[in-house]
Structures are given as C-alpha cells and as structure tokens.
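Please read the points below with the structure open beside you. They are set out for checking one at a time.

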Amino acid sequence: MTPGLPAIPGPAGLAPAGLPRLLLGGPDPARPMPLAEHLDRHGGFLLRGFGGDHGPTMLIDAVERAGLTGHGGAGFPTALKMRAVAGRRRPVVVVNAAEGEPASRKDALLMRIRPHLVLDGAVLAADAVGAREVIVALHTGPSSAQAAVNERLAARLDPVSITVVHMPKEYVASEESALVRFLSGAAALPTFTPPRPYERGVNGRSTLVQNAETLAHLALIARHGDQWFRSVGTADAPGSLLVTVAGAVQRPGVYELASGVPLSTAFDAAGGLTEPIQAVLVGGYFGAWLPAETALQVRLTHADLVAAGAALGAGVLLALPAWACGLAESQRVASWLASQSAGQCGPCTLGLPAIAEDLALLSRSGNTSNVRNRLERRLSLVEGRGACHHPDGTARFVASALQTFSADLARHRRGNPCPPARYPVLPLPDDPVAP
Amino acid sequence: MTGHLRVNPITCKAHGICAELLPELISLDEWGYPLLDPRPVPAHLMAHARRAVADCPTLALTLTKE
C-alpha cells in the first residue's frame, strides 16, 4: 500500500435526503458544476478515509453492502468487478462514458454537468483496486471532461493520472472489449472473450471498466455510506438511477428516479404524456417494446423488466404515440443496427441485414407466414453467435416488435398499412434535428 | 475425459470443413457458419472432433477439455 496519499479537501458535505442525488445542484442544470462548488455541495472525501491499509477493501465492502450495480446496461454487481481487479499487477480504471445507445443521453449529460462526481468515483475506484491510472472514454464532440481534469490537476487533487480519450462514434465501440482494444491502440472492435478485461485489458493490464453513472454513485457511497445509499429505492434494487425519457412526453430529457418506482413515474417527471401512446421502448435499441398498459405499471428494476420481457439497459424509456407505426419504426432501427455490425462475425454480418429485410417485408406487406417463419428462425439463429452481444440485442429488439405490434402485422396483411408517419419517433445518430 | 466444441466467431470464415468431418455434432446455418451441438462431445466421437479441430483452416474451432 502507498502511504500518505493526499486527502481531497472540502467540508463534510451534507448527505442529500431523497432525490436528486447525482443531479443535485444549482438552478442551472445545464452548466458544468465547477470543482469548488462541487466540493462545497457534496463535500470532500478522504482516500483511505476508512483508515490504514484496510481502506481500499472497506470501500469495496461498502459498495457491496450498498448493492450498487452497473448502470451501463448489464447491471453487473460493481463490487464483484472491483474485487476481480484489486490486487492484480498495475491495474487500470476505465470510465465508460462513450454512450453508444442513440436514444440515451444520461452519461453525456452527467459528464457535461457533473464531471467531478464521475471523476471522484473513478479516483476512488482506482485507489480501491490499486490503480494509478484512470482513462475517461468519451464520444468525440464537445465536453467539459478535459476542463474538469485540468481543474483537478491545478488543484493537485488526485494521486492518480487521468487521461481523456475520444472514441469513434460506432455503436459497438462502447462495448467493453471494443473499448479496451481501442485504448490499447487497435481498432475499436469487439474481441472474442475470454480473456475478459479484468484478466487482460488495456495494454494487457488488468482493467476495471465502469460506466460513468455507476462511478458517480460510488463517489456518493464513499462519502455518505451504504446505509444512506439504500435509503432510496427498494431492498432488492437500492439507490437511484438516471433515465432518458423521450417520445410523446412534455419535456424529454434525463431524470433521476428512485429504483423500483413504476415506469409511469418517469413520464410524470417529464411533465406527462402529450398524447395517447401505444407502446414504450424500454432499455433502448438493445431493449424491448412493451405494450403501453404493461409498460406504465412495470417497476424500474433489472429483475422486474426482465420478468416483463424487456431489460433496463442504459435506462432509455421511449413513449411511442398511437399514430406511429411500430413496425416501420422498428424496421428503421433494425436496418441501422444491421449497418452497425462490426463485420467480424458471419452470423451478425449476414444475419442482421437479412433480419432487417424480413422485417421490412412484413411491415410493408404484412404477416405473410413464410416471411414471418423465416424471420423467427433467423432471430434464433443469430442469438449468442457473435463475439459481442450486438446480434443478441438486435434479435431481442426485433422479436419484441413482432410481439408488441402483432395487431399491426395482422392489419397490414389485410391490406391496411399504417398512414405515412409525420416524422420518425425513434432517433438515429444520422437523423436531421427532430421537429 | 470429456470436452465441448467452441468456435471463435471472428476467425471462422465459413469453410464448412468441420460440418463435413463431424456432421453428428456440427451443422451449417443458411450462411454456411457452423452450429455446434452444445452437449459434451461423446467419447466415441472424440477422435472425429479432434480431427475437425485440427483441420479448421482458420483454427477457429476448439475443443475445451474439462
């Protein structure tokens, strides 16, 4: 253990009661919170604040008791990931803020307005696992991350180095193995695992990859403890989460909610629905469609959403208006997902375009049973047959569209196609700005 | 000794030789990529499985021992 690591200065911040936590702050939520204000509001924290050589283990223990799980999509327990890296030779911590999900805005927002909360979490995680190096992976574009790192450098705040790296914008680039490979100097393409990043990551070193939001939660657990973390949320799904709400709502945007609340709470937070809706896309483009009546009642936890046939993913909740054609919307996204295949694995490279074409046939001419059967077969054919989960996620998305919009399929088959859409509801990166 | 077949989907280039040599456990999908029987390789097919692994032109097929 390295003795004498500096403490991060600042008064002991008050633990916020209730919400918001991560988005706690001044009246202007669009402004990056400067370091001084951040430390004033949240308080400083002591590295090794729990005392002596046991400090790091104690933080991991606190994270475990808090029940913190990853907010990047998979929901893996954070403490397990940390333990897998702790004690290995010269480990590296990677902050994954390269949000690949086109409809998600939460990590970008967090990096823009609360960069220090994420960086605190990264520094704490690095200290806990014995890493001296933090890499922040962002999408190319303006961000306040580098300015925040410079502020910390000037304040001589951190005993670890922090590097900001911009990622290519491809969807699969934010996949963990692709991210690690890119940071090792190669193309941002997924690799065949094992080895996993904790075994052999950036430049062959053991690597802890954590989502930006997860680290922000960790920064608050380190300050206020696991009991405080659990004071919001449910026993099985403690804490809060950031969701990106879009579609037919008054104020689309990122909101912080208590874990386990009904999904309708997210739409209430966004000012309510603007018009009748037919379905909700939950979890983004690797998630699933749920019919509106099911969706509004489902509780926002990984377990509840999986039981309902969806997934929490990165927390995207997209309300589809009643007038939109769910099949046409899904077909547009499926084609885009097919185009985003890294082109490495045959079943993904060839299967996803075939799936997108089948869905296009169905959404135009309806439920011809031979196309439907072929599509069902192809969906099961690509699942689990790529190096990463790109084909699995795409198959889940398309399968849920077939199920949720089965009435539309039948209607199209009877020769009643949907009226042309006023505008596409599901956003894609290359779209012109939405009306 | 038992083992499972595994294919590296990145290196596999759909030569299809494995399915020729071991049709009992490997079939090809509509694009020519192998579909592996997930069950352990039975003892009487072990020699054929080793042969399929050895003859894969891209070394994508492996037999994991346990």
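Predicted model: local features only at pLDDT ≥ 70, side-chain atom pairs only at ≥ 80, totals over all residues.

1. Chain A is divided by the domain assignment into domain 1 (35–229), domain 2 (240–321) and domain 3 (326–413).

2. Domain 1 against domain 2. In chain A, the C-alpha centres of domain 1 and domain 2 are 26 Å apart. Their contact draws on 14 residues of domain 1 of chain A and 15 residues of domain 2 of chain A. On the side of domain 1 of chain A that touches domain 2 of chain A, helix α4 (residues 106–113) of chain A gives the most, with 3 residues. That side of domain 1 of chain A comprises 4 nonpolar, 5 polar and 5 charged residues.

3. Chain B against chain A. The contact takes 8 residues from chain B and 11 residues from chain A. The side of chain B that touches chain A is made up of 6 nonpolar, 1 polar and 1 charged residues.

4. Helix α7 of chain A. Is helix α7 (residues 176–183) of chain A largely enclosed by the rest of the structure, or largely open? Of its 8 residues, 8 are buried, so α7(A) is largely enclosed. Among the buried residues are Glu176(A) and Arg181(A), along with Leu179(A), Val180(A) and Phe182(A). After α7(A) comes Gly185(A), with a positive phi near 100°.

5. Helices α14 and α15 of chain A. Helix α14 (residues 346–365) of chain A and helix α15 (residues 369–382) of chain A have axes that come within 9 Å and cross at roughly 155°. That angle makes α14(A) roughly antiparallel to α15(A). The crossing of α14(A) past α15(A) is left-handed. Residues of α14(A) in this contact include Leu352(A), Ile355(A), Asp358(A) and Leu359(A), while those of α15(A) include Val371(A), Arg374(A), Leu375(A) and Arg378(A). By class, the contact of α14(A) with α15(A) holds 13 nonpolar, 1 polar and 4 charged residues.

6. Helices α13 and α16 of chain A. Helix α13 (residues 326–339) of chain A packs with helix α16 (residues 390–404) of chain A at an angle of about 170°, and the axes are 10 Å apart. α13(A) and α16(A) are therefore roughly antiparallel. On the α13(A) side the contact involves Gly326(A), Leu327(A), Ser330(A), Ala334(A) and Leu337(A), which meet Thr394(A), Val398(A), Ala401(A) and Thr404(A) of α16(A). The residues of the contact of α13(A) with α16(A) are 5 nonpolar, 4 polar and no charged.

7. Most residues other than glycine have a negative phi, and most peptide bonds are trans. The peptide bond from Leu19(A) to Pro20(A) is cis, with omega near 0°. Pro20(A) sits in the segment before α1 (35–42) of chain A.

8. Positive phi outside glycine. Asn203(A) has a positive phi, near 50°, and lies in the loop between α7 and β4 of chain A. Asn203(A) is exposed, with 12 other C-beta atoms within 10 Å. In chain B, Leu59(B) has a positive phi of about 55° and is in the loop between α2 (46–55) and β4 (61–65) of chain B. Leu59(B) is exposed, with 12 other C-beta atoms within 10 Å.

Conventions:
Residues numbered from 1 in each chain as written. Chains lettered and ligands numbered in written order. Axes fitted to C-alpha atoms, helices over the stretch in contact; angles between N-to-C directions. Helix = DSSP H or I, 4+ residues; strand = E, 2+ residues; numbered from the N terminus. Parallel < 35°, antiparallel > 145°, perpendicular 65-115°, else oblique. Left-handed = near helix turned anticlockwise from the far one by under 90°. Contact = placed C-beta atoms within 7 Å. Nonpolar A, V, L, I, M, F, W, Y, C, P; charged D, E, K, R; others polar. Domains from an automatic or database assignment. Buried ≥ 20, exposed ≤ 12 C-beta atoms within 10 Å, placed from the backbone.
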